[in-house]
Amino acid sequence: MNLNRRSLLLAAIAAGFGSLPLAAMAAPLTIGFSQVGAESEWRTANTMSIKDAAKKARVNLKFADAQQRQENQIKAIRSFIAQKVDVIAFSPVVETGWDTVLREAKAAKIPVILTDRTVNVSDESLYVTFIGSDFVEEGRRAGRWLLEHVKKNSPDSAVNIVELQGTVGSGPAIDRKKGFEEVIAANKKLKIIRSQTAEFTRSKGKEVMEAFLKAEGKKINVLYAHNDDMAIGAIQAIEEAGLKPGKDIVIVSIDGVKGAFEAMIAGKLNVTVECSPLLGPQLMKVAADVAAGRPVPRRIVTQEGVFPAEVAAKELPNRKY
Ligand code: GZL
């Protein structure tokens, strides 16, 4: 039910149907959520967090999986508008190409909340708030860990880095690259010799790492992966090439999923920078505030840490995703 019908309902109650208990009249909040896809362990945990939180909050959740395709997200948002949901929320697969459909949501007076990733739009009023990580800072944290590691272990050698990028045009891929490059520029011996997208998936991570190994072989000292799933796929390629992941090739990754902790305990991954997918509870609270017309912050940043291999065994039992 969208805000117009809800305000009419409340007006009807005020005008004469006040005898019915308000609670019985107030329909549950309906949220239309368009999810990127199911490409990684992180995404699976994010979807679970949103569905569980909706159930706990008694929200009527209309959930659409876009299989990582923007046109499917646009279709889903149009369908939510047609269904007159109270709030639209989504994790935009890429940053651009949203102005038209978000203008349609604005014309229908349906507020839009961004979770996980953000958009580049000409009119900032096209969404109410963005709940998600600071991806530039995640890239910086990965870079800082590597600077420290190199200072301790190979202060005077050249360091050749290969980079597995996330989805082309997505906020995390653009910003994790930016933050990492900004920090490693402090040491001129660190050089990114190959960089290519592996779309945040394990299978593509393995495939692209195979190509890197074929082209550069033992010249590769470090792999920087924009997410753990690509790093885990690359670990398989490194082992099949007869090299030791985590030793012959140092691996720096982002997300902090359980698979990364297991790889660190096995000595195959050196560090993962946390990126929390557990955005469900925050989304439900903010959506209720927005639907009730209460003010919400323009930007809600999730708090996260960095987990090197040394702490993996102790930390694994605490991991929630
Ligand atoms: C980050 C999220 C990214 C994860 C990947 O918030 O958008 O998408 O890092 C996921 O694992 O596929």
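Helices (H or I, at least four residues) and strands (E, at least two) are DSSP runs here, numbered from the N terminus. This is a predicted model, so to speak: local features need pLDDT of at least 70, side-chain atom pairs count only at pLDDT 80 or more, and totals for chains, interfaces and linings use all residues. Residues are numbered from 1 along each chain as its sequence is written, and side-chain values use heavy atoms, leaving out hydrogens and water.

Let's start with Thr272, which sits in strand S10 (residues 271-274). Thr272 is buried, at a relative accessible area of 0% (buried means under 20%, with a 1.4 Å probe and protein chains only). Its side chain makes a polar contact of 2.9 Å with the side chain of Asp228; that term covers a pair of N or O atoms within 3.5 Å, where within protein one must be able to donate a hydrogen and the other to accept it, and residues adjacent in sequence count only if both atoms are side-chain atoms.

Asp228 also opens the residue range of helix H9 (residues 228-240), which packs with helix H8 (residues 202-216) at about 45°, axes 7 Å apart. Axes are lines fitted to C-alpha atoms, for helices over the stretch in contact, and angles run from 0 to 180 degrees between N-to-C directions. H8 and H9 are therefore oblique to each other, because angles under 35 degrees count as roughly parallel, over 145 as roughly antiparallel, 65 to 115 as roughly perpendicular and the rest as oblique.

Now for another pair: the axes of helix H4 (residues 70-82) and helix H5 (residues 99-107) come within 10 Å and cross at roughly 10°. That makes H4 roughly parallel to H5.

Notes:
Buried means under 20% relative accessible area, exposed over 50%, partly exposed in between (1.4 Å probe, protein chains only).
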